[in-house]
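Dear colleague,

Please find below the structure that I am handing over to you. My findings follow directly after it, and I would be grateful if you would read them alongside the coordinates.

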Amino acid sequence: MAPGSKPATTNATSHQAATGSPDGGPAWPDFLTPEAVDALGAGRMAQPFAHLGPHKYKNRRWISTFQPDALEVSVRVGAKTTPLPRLRGDTFAGPVAGKTYSLVVRYADGSVVETRDPYSFAPVLGDFDQYLLGEGTHKELWRALGAHVTTHEKVAGTHFAVWAPNAQRVSLVGDFNMWDGRRHVMRALGTSGVWEIFMPDLGDGTLYKFEVLGADGSLVQKADPVGYGSQHPPEQASVVRDITGYGWDDAAWMQARRARGALDAPVSIYEAHLGSWRRRYDEGGRPLSYKELARDLIPYVKDLGFTHIELLPISEFPFDGSWGYQPVGLYAPTIRFGPPHEFRDFVDAAHAAGLGVLLDWVPGHFPTDAHGLAHFDGTHLYEHADPREGFHQDWNTLIYNYGRTEVKNYLVANALYWMEEYHLDGLRVDAVASMLYRNYSRNEGEWVPNKDGGHENYEAIAFLQEMNTAVYGAHPDVMTVAEESTSFPGVSRPVDAGGLGFGYKWNMGWMNDTLAYIERDPIYRRYHQDDLTRPLMWQYSENFILPISHDEVVHGKGSMLEKMPGDRGEKFANLRAYYAYMWTHPGKKLLFMGCEFAQPEEWKHDGELNWSAAADPAHDGVRTLIRDLNALYSDTAALHVKDCDPDGFAWLNGDAGQSTLGYVRYGHDGDAPVVIMCNFTPVLRQDFALGVPKAGRWDEVLNTDSEIYGGGNRGNMGGVHSTPEPRDGHDTSVSIVLPPLSVVVLRHAAD
């Protein structure tokens, strides 16, 4: 104890009144007590701005700073440098004149670092942001939370903010502070649950995480839930990405796209997994980048006549084997293929080619990875605490607590984010059925009933309704699509009519029934014709997309070609007939990559498509058929304008005993009707008679047995003329050659 000094006490008032520190050093200012200094050193400081930075004390302006491992700390104001005495441990404080200052820190290795003091800046988020965040109604959540390269109080840097309402403290960590959570503890903003800090000098490319001292005493480093970028897995840090200032060149597309996804538009979707479409085996087998995909994938899809590309999830995900369906960073396009601006390049290139881009979106669950959302602030913040509600048994993942307004806000804002920041043309929402039912894939006793004792998940239903209302309210020219595998009513009906508000729903029933039919040996198909006719019973209950997706060509299900019965030639003929049936059936279309050329084996996420097989004439013939089907679908009004209208379809000749099936597609008044006749047996049928709705010439606009597709070239010499012989409820009929395992499409010629 220094001579004449008073004994130290633990009374705060005594500290504030003391003329010297307990260890004989400089006086303790009233804003910086020994307890606060000890808390800083121990990493237990929850309110650092109350103790660090500039503070007024005894009519003088003091600067205090916590600098672990520093030998000396000085404050530079203009040309003047003032040393700061070491108060105790790694805390330095002292009176300094002047308002704008920087800290000059010298270390034992002789290095000197000069920086602006993060604790000298006022909050960035204002009262309105805090109000919306606290209320859970911030539709532009990503503009408030996350990491934003910005200029604050005329200083360039990055603003960081994260929601962690139950944390004891939250710190920003990264290479810039040796991942030491004591150095940059964030400011808690009122009762909003948000922590923030402005870091001068940090910018694009900075690696960071949030170190969270949880309510339960746990200490974990979390990736940013609203981060725009991430490290390449298996690394887990978030990356500051400045996504402002992109020069979009798609104004014409954006102005006209409303018609591209409308119910009366031809919508044909190419579903793609970007990591396995092609790979660069000359560079270690890496997948193509966003820029390379823009160069190669987009022209390929455009040439095939598809109208949209749907991407399997690209929100950052840790495990390649999840195909993206277990995301950790919902706001970060995966770095696997490039940074955010390059993903924008991909979307911009698609729009320039006249293609829409849909994103597979996963708001149904998230993985348990320690750096993700799980137990984020030492509590079950994003997920339900009760595993009967919060744990997904099928996927070993966690389920969002949709009843919490802030969590719902997080997800709704994310849907809007992809539209706003990346100009996406729609979202396909994954696993909707798992969200709608509390007892989804659960036995009795493994789930919690709703307030009325039922199994419907009211909170998830409300979330989906709010999401669709928000998306269509802000962007009425996009589409949302539900992968929903049950008969839940009104999935694609408006919210104000009691529906979920989606634009479209995948027709899983059609897919299951028709695949079951086409996989059978033709000799048995006569007993199962209802597999083809039954889906029309519910076809118009929703706005349907007919999906042949990635799920149908993995996990031992075989490729589309492998599913087909018969010898090699019959397999190809069956598949060609099935695709023609699909493209002429009511409903929009979706086909997974590789299926367009009848890839011979199952899809593998860690390889690439079998492009050598694609060059084989039989496989290329299927691809030519898909190209022609897309062209016919787009160019023929009767095949698309009433996809979702029962007035656009009528049955014709159907003989289960022969496994033949016929139907008519109608458009608006003045649109040429189209007649489709299917033969699902390997039997050539000459002089096959069927009724047609109009007299005159009927052009054969497609025949899957054409030699250009790999068939036997048995057809109708370009078309047939009707005769006044009633059949199938019509006054006139035609007689056609119906090749084996084929579909023939006839369109009425102009009068």
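Which residues does Glu389 touch, not counting residues up to four places away in sequence? The model is a predicted one, and in it Glu389 touches His384, Ile399, Arg438, Arg442 and Val448. Glu389 is found in helix H8, which covers residues 387-390. With a relative accessible area of 21%, Glu389 is partly exposed; the reason for this label is that buried would require a value under 20%. As a reference across the chain, the C-alpha atoms of Glu389 and Lys99 are separated by 53 Å, and these two residues lie 290 places apart along the chain.

I turn next to a pair of helices. Two packed helices are described by the angle between their axes and the distance between the axes. For helix H12 (residues 508-518) and helix H16 (residues 568-584), the angle is about 150° and the axes are 11 Å apart. H12 is therefore roughly antiparallel to H16, since angles over 145 degrees fall in that class. The crossing of H12 and H16 is right-handed. On the H12 side, the residues in contact are Trp510, Met511, Thr514, Leu515 and Ile518; on the H16 side, they are Asn574, Tyr578, Tyr581 and Met582. Of the residues in this contact between H12 and H16, 7 are nonpolar and 2 are polar, while none is charged.

- Pro233 and Pro234 are joined by a cis peptide bond, with omega at about 15°. Pro234 belongs to the loop that runs between strand S15 (219-222) and strand S16 (238-239).
- Asp201 is not a glycine, yet its phi is positive, at about 80°. Asp201 sits in the loop between strand S13 (194-200) and strand S14 (207-213). Its relative accessible area is 54%, so Asp201 is exposed.
- Ala431 likewise has a positive phi, of about 50°, without being a glycine. The loop that holds Ala431 lies between strand S26 (426-429) and helix H10 (432-436). Is Ala431 buried or exposed? Ala431 counts as buried because its relative accessibility is 10%.

Yours sincerely

Methods
Residues are numbered from 1 along each chain as its sequence is written. This is a predicted model: local features need pLDDT of at least 70, side-chain atom pairs count only at pLDDT 80 or more; totals for chains, interfaces and linings use all residues. Side-chain values use heavy atoms; hydrogens and water are left out. Axes are lines fitted to C-alpha atoms, for helices over the stretch in contact, and angles run from 0 to 180 degrees between N-to-C directions. Helices (H or I, at least four residues) and strands (E, at least two) are DSSP runs, numbered from the N terminus. Angles under 35 degrees count as roughly parallel, over 145 as roughly antiparallel, 65 to 115 as roughly perpendicular and the rest as oblique. A crossing is left-handed if the near helix is turned anticlockwise from the far one by less than a right angle, and right-handed if clockwise. Contact means heavy atoms within 4.5 Å. Ala, Val, Leu, Ile, Met, Phe, Trp, Tyr, Cys and Pro count as nonpolar, Asp, Glu, Lys and Arg as charged, and the others, Gly among them, as polar. Buried means under 20% relative accessible area, exposed over 50%, partly exposed in between (1.4 Å probe, protein chains only).
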